[in-house]
Amino acid sequence: MNQRTLRFLGILALAIAAAAPAGAQTKPSATGTLNVVLENGNGIQMVLNSDASGVTLGGTGTSSATLAFGNISAYGAAPANVTITNQTSTFTATTYFDVDVQESGLTDANNGYTLSADVTSLISGVTLQIDGTTLTTTSQNLSGAGTYATNVQHSISAVVPTSGGPTPGTQLTATINLVATSN
Amino acid sequence: MQWRLWVCAMLVIAAITPACAQSGQTSSSTLVVSMTVQSSISLEFVNVQTGTGYCQISGANTSSASLNLGIASMSGDNMDSENGGCVNWYTGNNAYNILNYVYVKVFEANTTSSTYTLNAALGSVPPANVTWKFESMTNNLSTSPQPVSSSVQYATAYGMQLLVTVGSTAASGNIGESINFTAMAN
């Protein structure tokens, strides 16, 4: 061994001695980055709520609700939160319900929504109206600028003839389809 | 130049696409409506004629009316000033009689009947020697319902001549009564 080799070995030994304590104390680690992709999509959701002035809805707060006028007559006592008005040959039972449409991701939400409705099958002899608009089996516009995220009150009326109409004592049912469309 | 037009067109389409995608979002719901129509009738008092024997009711066209027949007596003194001369009055058999027409009108809805039965009852037992009846009735009015007519047409004014007979021995004072009518669909 020449002097050069001895010097190299000495330096190597010092280097190993210096590095050894540090190597024993360091624990392995790893890092990573998760890039999450999420887009706030545009969409609307409608629910039907009971109105303070109307009959209590079944399934209130959902998009599938029921509204029972109860027993209605021209001259008898009106059910709670149902108003009866008499015309020449008809009487009208009126109550109220709320529509609440929520939106997400619409940049033009201030434009509101359009509400339309149709009835699946008409009740013979009885005219159904929402906000004074007579419902048919084809879609009818009810309002053109509904406000999002608030309960909007709507009246619903049944116009019943006082003679030649539905058989008294028989329950009548109709399904109304409501559609909210963003403007 | 043409490629520039294409670029401009594509930029315009790219700019308006997001806005278009946001409109026309829809949400649907269903509302099942139910109701049961019931038969019903209503009764109201109406004024039809004027003159002697046709005192006017107040509260006309409602089901709660009042009729002021004023102050009557065997002598008939001052009757015109007390009741406006509308009362038909006569004496006989140690009594005086007050005659006055009362009209009711009954409406029906969603019934299959074309007529109704009308009953009437006094609200309280009249004083001694005072009787009340409608001339169409066989018996005097009492606190139990008595038939006035068994077949009256709807929506037409039905007149009943009220007869109050006051015997000479009846005590002076208020002899007014409430008459409760009940109409029932036949």
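Strands are DSSP runs of E with at least two residues, helices are runs of H or I with at least four, and both are numbered from the N terminus.

Leaving aside residues up to four places away in sequence, A:Thr66 touches A:Leu57 and A:Gly58, as well as B:Leu31 and B:Val32; contact means heavy atoms within 4.5 Å. Between A:Thr66 and A:Thr56, ten residues apart along the chain, the C-alpha separation is 8.9 Å.

## Basis of the description

The model is predicted, so local features need pLDDT of at least 70 and side-chain atom pairs count only at pLDDT 80 or more, whereas totals for chains, interfaces and linings use all residues. Residues are numbered from 1 along each chain as its sequence is written, chains are lettered from A and ligands numbered from 1 in the order in which they are written, and side-chain values use heavy atoms, with hydrogens and water left out.

Five strands form an open sheet with mixed pairing, in the order 2(A)-1(B)-10(A)-5(A)-8(A); two strands pair if DSSP finds at least two bridges between them. Strand 2 and strand 8 (140-146) of chain A are the edge strands, each pairing on one side only. From one strand to the next, the twist averages 20 degrees, with axes fitted as lines to C-alpha atoms (for helices over the stretch in contact) and angles between N-to-C directions running from 0 to 180 degrees. Within this sheet, strand 5 (residues 113-119) of chain A is antiparallel to strand 8 of chain A, with four bridges between the two. There, A:Leu115 faces A:Ser143 of strand 8 as its opposite residue.

The chain B member, strand 1 (residues 26-37), contains B:Ser34. B:Ser34 has a relative accessible area of 13% and is therefore buried. Apart from residues up to four places away in sequence, its contacts are A:Leu67, A:Ala68, A:Phe69, A:Gly70, A:Gln171, A:Leu172 and A:Thr173.

## Strand 4 of chain A and its partners

Strand 4 (residues 90-104) of chain A pairs antiparallel with strand 1 of chain A through eight bridges. In this pairing A:Met46 is placed opposite A:Val101 of strand 4. Strand 9 (residues 151-161) of chain A also runs antiparallel to strand 4, and eleven bridges connect them.

Strand 3 (residues 83-86) of chain A is linked to strand 4 by a hairpin of three connecting residues, and four bridges hold this antiparallel pair together. A:Thr94 of strand 4 has a counterpart in each of two strands: A:Thr83 stands opposite A:Thr94, and A:Ser157 in strand 9 is the bridge partner of A:Thr94. In a regular strand the side chains alternate between the two faces of the sheet.

## Chain A as a whole

Of the 183 residues in chain A, 35% are buried. Where contacts in chain A join residues at least 6 apart in sequence, 69% of them link residues at least 24 apart.

The accessible surface of the chain amounts to about 10,300 Å², 52% of it from carbon and sulfur atoms. Such areas come from the Shrake-Rupley method with a 1.4 Å probe, and for residues only the protein chains shown count as cover.

## A nonpolar patch on chain A

A:Leu34, A:Val36 and A:Leu38 make a nonpolar surface patch of about 420 Å². Patch residues have over 30% relative accessible area and no salt bridge; nonpolar side chains (Val, Leu, Ile, Met, Phe, Trp, Tyr) are joined within 5 Å and like charges within 9 Å. A salt bridge places a side-chain nitrogen of Lys or Arg within 4 Å of a carboxyl oxygen of Asp or Glu. A:Leu38 lies in the loop between helix 1 (3-25) and strand 1 (43-50) of chain A, and A:Leu38 is exposed because its relative accessibility is 78%.

## A three-stranded sheet in chain B

In chain B, an open antiparallel sheet of three strands has the order 9-7-11. Strand 9 (146-153) and strand 11 (179-185) each have a single partner strand, so one side of each is without a neighbour in the sheet. Direction ignored, neighbouring strands here are turned by 25 degrees against each other on average. Strand 7 (residues 115-122) and strand 9 of chain B run antiparallel and are joined by five bridges; B:Tyr116 is opposite B:Val152 of strand 9.

Notes. Buried means under 20% relative accessible area, exposed over 50%, partly exposed in between (1.4 Å probe, protein chains only).
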